[in-house]
Amino acid sequence: MQEITLTQPDDWHLHVRDGDVLHTVVPHTAAQFGRAIIMPNLKPPVTTAAQALGYKARILAAVPKGVNFEPLMTLYLTDNLPADEIRRAKDAGVVALKLYPAGATTNSDAGVTDLRKTYQTLEAMQREGILLLVHGEVTSPDIDLFDREAVFIDNQLIPLRKDFPELKIVFEHITTKEAAQYVQGADAYTGATITAHHLLYNRNAIFTGGIRPHYYCLPVLKRETHRLALVQAATSGSRKFFLGTDSAPHPAHLKEHASGCAGCYTAFSAMELYAQAFDAADALDKLEGFASFHGADFYGLPRNQGTITLRREAWAVPDSFALGEARLKPLCADETLQWRMT
Ligand code: DOR
Ligand code: ZN
């Protein structure tokens, strides 16, 4: 296959930050995707409907003229987000709340310390049809970093699923065989996003030829057996799995640092990276469902109307982009990719 045309895809998990950097990163996403779920982990986090509307307006102001792109807004679940904010969120068009266990990742200090504290809010979400997006890792320092997702399933997700049977839950950026199997076996209220980098790389990528901070994200890349399970899930045709880049811009100097930030910047060449992963699995025919249909169907939103085309063509990813005074290095900077969006 030399060329593939897909219904315009959506990104169901994206970080764009705020302020001037929006003008660097939003055009990259808007060039590829019709819509994106915008993560609320700003400083301070987006916790009210009014804040979400203000943030949405700032994102829209960074969309290039003539480009159609819709940011889908989320709120950040905290221990004390009042249940009555959910009604206002629904009216403001907020589609989901994000659960970060406190301390799990970038800007998660305000996250949830005990799920029980959020039960009234979760009840309101279940009632209003607002989704819960889950960063599925326990945070206890006693649990090995590579086991935190699997432990989260048993300790948190399974009880949560039982207590809120009709709450739609997206297990975000899954990284393990255990998560893929859990979602595959769960009911229709449970889905999962998978990033391009977790389909393309295993944990060796972080250490090949020296420590490579641009391959460091959370949840961290896992062993090859897990990568293979994710590829299997993404290319299976199952409607439970859909595209979420988790593209997470950080200034290069804060990643190339003694305690480097977690996050891979993939927005600039997202569909090219996914095409490479699906092509390697000989499953390009499954890319449209994963990228353009399953997520919209799960969220209960209409599928997009337009199309995009990817052509088999070698090209080099740019070395970096200006990010205010700093630089932003994309994943695969200076490397050659085999697919290009026309
Ligand atoms: O690698 C990550 N970066 N994982 C997350 O969960 C958050 C994200 C970010 O905001 O930088
Ligand atoms: Zn994320």
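**Helix pair H10 and H11**

I began with H10 and H11, which are oblique to each other (an angle under 35 degrees counts as roughly parallel, over 145 as roughly antiparallel, 65 to 115 as roughly perpendicular and the rest as oblique). I noted residues 270–280 for H10 and 287–299 for H11, an angle of about 140° and axes 10 Å apart. Axes are lines fitted to C-alpha atoms over the stretch in contact, with angles running from 0 to 180 degrees between N-to-C directions. Helices are DSSP runs (H or I, at least four residues) numbered from the N terminus. Met271, Tyr274, Ala275 and Phe278 of H10 touch Leu287, Phe290 and Ala291 of H11, with contact meaning heavy atoms within 4.5 Å. By class I get 7 nonpolar, no polar and no charged residues here (Ala, Val, Leu, Ile, Met, Phe, Trp, Tyr, Cys and Pro are nonpolar, Asp, Glu, Lys and Arg charged, the others, Gly among them, polar).

**Ground rules**

This is a predicted model, where local features need pLDDT of at least 70 and side-chain atom pairs 80 or more, while totals for chains, interfaces and linings use all residues. Residues count from 1 along each chain as written, chains are lettered from A and ligands numbered from 1 in written order, and side-chain values use heavy atoms, without hydrogens and water.

**Helix pair H6 and H8**

Next I looked up H6 (residues 177–185) and H8 (residues 224–234), which pack at about 30° with axes 8 Å apart. That makes H6 roughly parallel to H8. Lys177, Glu178 and Ala180 of H6 meet His226, Ala229 and Ala233 of H8; I count 3 nonpolar, 1 polar and 2 charged residues.

Terms used. Helix = DSSP H or I, 4+ residues; strand = E, 2+ residues; numbered from the N terminus.
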